[in-house]
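Biologist: Could we go through the annotated positions of this model and their surroundings, one after another?

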Amino acid sequence: MAFSSDFVTEPIPISLIAGRYLLFDVNVVTYLRRNHHICGSLIGSIPQAPQQNVFFGLPMELMPEEAKLLVEKEVAYIIDDKAWHKETLFTTLQGADKQAYLESLRSTGLKARKAALHEARKKTEAGLARYAAKKAQELAAAGTKDTQESGSSDTSFNRSSIVTDDSASLFEEESTRSERSSTTVKSAAALASIPFAITPTTSYPTSSLPQNPSQQPDPPVSSAYALFAHLHYRDYFIMPGLRFGCNYNVYPGDPLRFHSHFLATSYDFDQDIPMFDIIGGGRLGTAVKKGFLVGGEDPEAEGSKSGDKVRTFCIEWGGM
């Protein structure tokens, strides 16, 4: 089933559940990644393989920094998911609204069913074409071999009988295949009227975005947020840097296409940086072919946003 972010409208609701900022709609996840360089982290299990722990699915959890940045840019807003569901959702989706919502799910299921049947039909036709070509080659090879081995009229007669038998067998096979194809077409027509069961990833229709029962405060972030905003406004993609012992892993493009360029760690502008941190970060960054980037917010610098006041330095180890 294909997904599209064309129907996503800003601002986007971010669900606040138990102190975590979550997105449940795959269209929203795609939209934010493509247009705003927000990657997040998938934390949900995959329905087809719930026992494995290598690949994950929806929902996607945002770092507090990502959620705060989206709120500052007025791309999204925070909603207390529990309070909204309790006070608003189950009192509005009634009567005609409920029927329209169910009908939209049925329509989506029918489209998914037809798309699946179309793909299955294309695969079947391709398989039958390959089978017919293979049979034709086998018959041609058998006929050539019989011609080389035969030298008399009796042999020619026997060969004609064999070819006739092969033709009859092929005719019966084609007839059986035609009957099966007719049955398949009827079955496909019957299946096309049965929609796929659609499990929506959101509990609200796309035409009615949830609204806050009460205004939510901005996500609490650490002092490293200034460095995060500084890098994001320069079109970098940013992922958590825990596995490299830093605040952020910084990519020049989508992490699905690029390796990260920097291991970014934030410090206060007047903070003393231990020499072991510089040595360890520089050696690690160089060993994994990344730069060790340190930065902090200069309180005396000019700028209207926190990201404008940040100064950064990149440390690379030579001779390794």
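Biologist: Which residues does Tyr251 touch, not counting residues up to four places away in sequence?
Modeller: This is a predicted model, in which local features need pLDDT of at least 70, side-chain atom pairs count only at pLDDT 80 or more, and totals for chains, interfaces and linings use all residues. Residues are numbered from 1 along each chain as its sequence is written, and side-chain values use heavy atoms, with hydrogens and water left out. With contact meaning heavy atoms within 4.5 Å, the residues that Tyr251 touches are Tyr236, Phe237, Met239, Arg243, Phe258, His259, Ser260 and His261.

Biologist: Is Tyr251 buried or exposed?
Modeller: Burial is judged by relative accessible area (buried under 20%, exposed over 50%, partly exposed in between, with a 1.4 Å probe and protein chains only). Because its relative accessible area is 8%, Tyr251 is buried.

Biologist: Is His259 buried or exposed?
Modeller: His259 lies in the loop between β7 and β8 (262-266), strands being DSSP runs (E, at least two residues) numbered from the N terminus. Leaving aside neighbours within four places in sequence, His259 is in contact with Tyr251 and Pro252. Since its relative accessibility is 69%, His259 counts as exposed.

Biologist: Which backbone oxygen does the side chain of His37 reach?
Modeller: At 17% relative accessibility, His37 counts as buried. A polar contact is a pair of N or O atoms within 3.5 Å; within protein, one must be able to donate a hydrogen and the other to accept it, and residues adjacent in sequence count only if both atoms are side-chain atoms. At 3.5 Å, the side chain of His37 reaches the backbone oxygen of Asp235.

Technical notes:
Helix = DSSP H or I, 4+ residues; strand = E, 2+ residues; numbered from the N terminus.
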